[in-house]
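User: Could you walk me through this one? I'm new to it and would like to start with a helix.

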Amino acid sequence: MSAIQKIKGFADLFPEDAASFTHMEAQARAVFGRYGFGELRTPVLERTELFAKGIGEDTDVVGKEMYTFTDRGDRSLTLRPEATAGVLRAAIEAGSIEPGRATRLYTFGPMFRYERPQKGRMRQFHQINAELLGSPEPQADVEVILMLEDFLSSLGIGELSFELNSLGCRECRPNYRAALTAYFEALDHEKLCEDCKRRMHTNPLRVLDCKVPACKALVADAPAIGDHLCGGCRAHFDEVLSLVDKAGLKYTLNPRLVRGLDYYQRTTFEVTSGAIGSQTAVAGGGRYDGLVQLLGGPDAPGVGFACGMERLAMLMEKPEAPRPDFFLAVTDARAVDAAILLAHKLRRRGLAGECDYNAGSMKSRLRHAGRIKARKCYIIGAEEFDAGQVTVKDMEEGEQIKLDMAAFD
Ligand code: HAM
């Protein structure tokens, strides 16, 4: 019978890979904790309307990539494609957002998008996500960006580029959209891809984000949002840039950075790496004023980011696996039970290690102890068993001593 295989675009994480994820989570907890963020865990399933409303019907994520199904109670549910909408839903539901008071939350976990799998692009992937709710000030954007930089440097990842842009607000975005649509209409827009022919009217900013080469070429000279920002957005973005400059963060301005989700306003940012193939974005985020209210909460702004853990794992050095303190080798069949009980006592003293369940030759057991890099090999053979003793061999120094088993009671 053929064995059942995992689903395409989904992955198993065995200890070596899981260790990188655990390390990232530990670093995120430490760094985000220093910025006053607390952990929130939300469900992986939410009502479909949360994402349709929050992320936007005309985005690839909602239009093409969601895992949506009807449950036995006839509700339309969706496996979360990102964390922001769920975090806001939870915070609104709990009544924990107050305009003017910062609420800081982070969350980790699996996200699901039905994309074409390739290196660095999975259908189930993991994000580390942070949201700062309630604060409209540009300083909040900067603190979130600096926290992201601190987190990425805590992983020892260098050579990352920060890209920044402002997408304007409800006041100035309509003028920019109109300028973009006029630009596309004046062009030979028949050359745009089918999606963009529609988007140039419904959501022209999306055209700037299209990966189709013909569209990319056509948008090269499109008007830049920076020239259409209202006074408030200009002042906000200038303050963000001035403060990140003062903090010493290196970044580039990218007027084409529109992000793939519709909720962004004002500051947006992405962090990319040239070292992981074509899927270069390791983190992205920005400000999403208006989203809390759109989802039924108070009129409170928000800003946040998410990092892709699979992509960060590709850039990180793998954390070293911890070495076991002992390997307990049995070379006489009568000693197996005594060995298991001794290993149990060692673990209760805080030591970590493995124990044989059957007897074998000394040579093979020592080879195994070396292979797993055990610091000490405990040996119970016929002689030790008869004398109520155990031999302890220091695997680095080579010295060995005999101890009474009773010494471990
Ligand atoms: P996003 O740019 O869609 O933003 O995703 C953030 C990061 O998740 C990406 O930069 C990438 O590293 C990773 N990622 C996305 N899709 C995949 C995939 N299919 N396979 C592997 N990694 C992937 C968001 O999700 C926003 N919610 C971020 C945010 C939080 N904005 C404000 N707050």
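**A helix and its salt bridges**

Analyst: The buried residues of H10 are Cys-233, His-236, Phe-237, Val-240, Leu-241 and Val-244, where buried means under 20% relative accessible area, exposed over 50% and partly exposed in between, using a 1.4 Å probe and protein chains only. This is a predicted model, in which local features need pLDDT of at least 70 and side-chain atom pairs count only at pLDDT 80 or more, while totals for chains, interfaces and linings use all residues. Residues are numbered from 1 along each chain as its sequence is written, and side-chain values use heavy atoms, with hydrogens and water left out.

User: Switching topic, how many salt bridges does a search of the whole structure find?

Analyst: The search finds 29 salt bridges, each being a side-chain nitrogen of Lys or Arg within 4 Å of a carboxyl oxygen of Asp or Glu.

User: Which residue forms a salt bridge with Lys-318?

Analyst: Asp-17 does, with the closest N and O atoms 3.5 Å apart. This pair links distant parts of the chain, since Lys-318 is in the loop between helix H12 (309–315) and strand E12 (326–330), whereas Asp-17 is in helix H1 (residues 15–34), 301 residues apart. Lys-318 counts as partly exposed at 45% relative accessibility, and Asp-17 also counts as partly exposed, at 31%.

User: What about Arg-287 and Asp-141, buried or exposed?

Analyst: Arg-287 is buried, with a relative accessible area of 0%, and Asp-141 counts as buried at 0% relative accessibility. Their side chains meet in a salt bridge of 2.6 Å, N to O. Arg-287 lies in strand E10 (residues 281–287) and Asp-141 in helix H5 (residues 138–154), 146 residues apart.

User: Which residues do salt bridges that share partners join into one network?

Analyst: That network is made up of Asp-58, Asp-60, Lys-64, Asp-195, Arg-198 and Arg-199.

How values were computed
Helix = DSSP H or I, 4+ residues; strand = E, 2+ residues; numbered from the N terminus.
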